[in-house]
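Got a fold to pick apart, and some questions to go with it. Have a look at the sequence and coordinates, then follow along.

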Amino acid sequence: MALLAGTRAIALDTETTGMNPASGATLVEVAWVRIEDGRPVEEGVPGARWSSLVRPGQPIPPDATRVHGITHAMVADAPPPAAVAPLLRAACADLPLVMHNAPFDLPFLQDLMRRTGQKPLDGVVVDTLGLARGLYGGGGNSLGA
């Protein structure tokens, strides 16, 4: 990742109850991996990798479960958004934020920050999906591809 060489950043991913927080959809999972000098920080380093289910406060629609496999039973005892948000905010600090499809993930993360009284995430955003589309064109730019 020459783009991030010499840089500290944090890669983020989310799973949600739907497509848009403005329509009431919310997070059911959030995860991060710290990146230093263009490489993921090794597992076992404190704070290098983290994920948590999030109790959404609403049922997870079957269509969403088909996408990510997370059921309402799995999040029943998960931490509430107010417990997850400060951890995420502290980890992100003012680091560049790396996401695959930032236009989807970022509104959910900003909604989480707003609803829990946290400062908005304001780091530079690197969208790997946008980069892939720019470099390789349309089609075949899923996270797995």
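Q: Which strand does Thr-14 lie in?
A: This is a predicted model, so everything here is read off predicted coordinates. In it, the residue Thr-14 belongs to strand S1.

Q: Is Thr-14 buried or exposed?
A: Its relative accessible area comes to 5%. Anything under 20% counts as buried, so Thr-14 is buried.

Q: Which side chain does the side chain of Thr-14 make a polar contact with?
A: Leaving out residues up to four places away in sequence, Thr-14 touches several others, including Leu-27, Glu-29, Val-30 and Phe-104. Asp-105 is also one of those neighbours. The polar contact, at 2.5 Å, is made with the side chain of Asp-105.

Q: Which element gives the most residues to the largest nonpolar core?
A: That core has 22 residues, and among the members touching the most others are Ile-10, Leu-12, Leu-88 and Leu-109. Strands S1, S2 and S5 each supply at least two residues of this core, and so do helices H3 and H4. With six residues, the top contributor is H4.

Q: Which residues is Leu-88 in contact with, leaving aside its neighbours within four places in sequence?
A: Leu-88 is one of the core residues that touch the most other members. In general, nonpolar side chains tend to be buried together in soluble globular proteins. Setting sequence neighbours within four places aside, Leu-88 is in contact with Leu-12, Val-30, Trp-32, Leu-109, Leu-112 and Met-113.

Q: How many residues are in the other core?
A: Another core lies apart from the largest one. Val-28, Ile-60, Ala-64 and Ile-70 are among its members. Its residue count is six.

Q: How far apart are the C-alpha atoms of Pro-120 and Gln-110?
A: Pro-120 is in the loop between H4 and strand S6. Leaving aside neighbours within four places in sequence, Pro-120 is in contact with Arg-89, Gln-110 and Met-113. Pro-120 and Gln-110 are 10 residues apart along the chain, and their C-alpha atoms are separated by 5.9 Å.

Q: Which residues do salt bridges that share partners join into one network?
A: Side chains of opposite charge can pair when their charged atoms come close. Arg-34 counts as buried at 17% relative accessibility, while Glu-36 is partly exposed at 32%. The network joins Arg-8, Arg-34 and Glu-36.

Q: How many salt bridges does a search of the whole structure find?
A: One more example is the bridge between the side chains of Glu-43 and Arg-49, at 3.9 Å from N to O. There, Glu-43 is exposed at 65% and Arg-49 partly exposed at 38%. For the whole structure, the search turns up eight.

Q: What accessible area do Leu-131, Leu-135 and Tyr-136 have together?
A: Leu-131 is found in helix H5 and is partly exposed, at 38% relative accessible area. With Leu-135 and Tyr-136, Leu-131 forms a nonpolar patch on the surface. Together the three have about 380 Å².

Key: Residues numbered from 1 in each chain as written. Predicted model: local features only at pLDDT ≥ 70, side-chain atom pairs only at ≥ 80, totals over all residues. Heavy atoms only, no water. Patch = residues over 30% accessible without salt bridge, like charges linked within 9 Å, V, L, I, M, F, W, Y side chains within 5 Å. Areas by Shrake-Rupley, 256 points an atom, 1.4 Å probe, with all protein chains shown as cover. Salt bridge = Lys/Arg side-chain N within 4 Å of Asp/Glu carboxyl O. Helix = DSSP H or I, 4+ residues; strand = E, 2+ residues; numbered from the N terminus. Buried < 20%, exposed > 50% of the residue type's maximum accessible area, 1.4 Å probe, protein only. Core = buried A, V, L, I, M, F, W, Y, C linked by side-chain atoms within 4.5 Å. Contact = heavy atoms within 4.5 Å. Polar contact = N/O pair within 3.5 Å; in protein donor to acceptor, adjacent residues only side chain to side chain.
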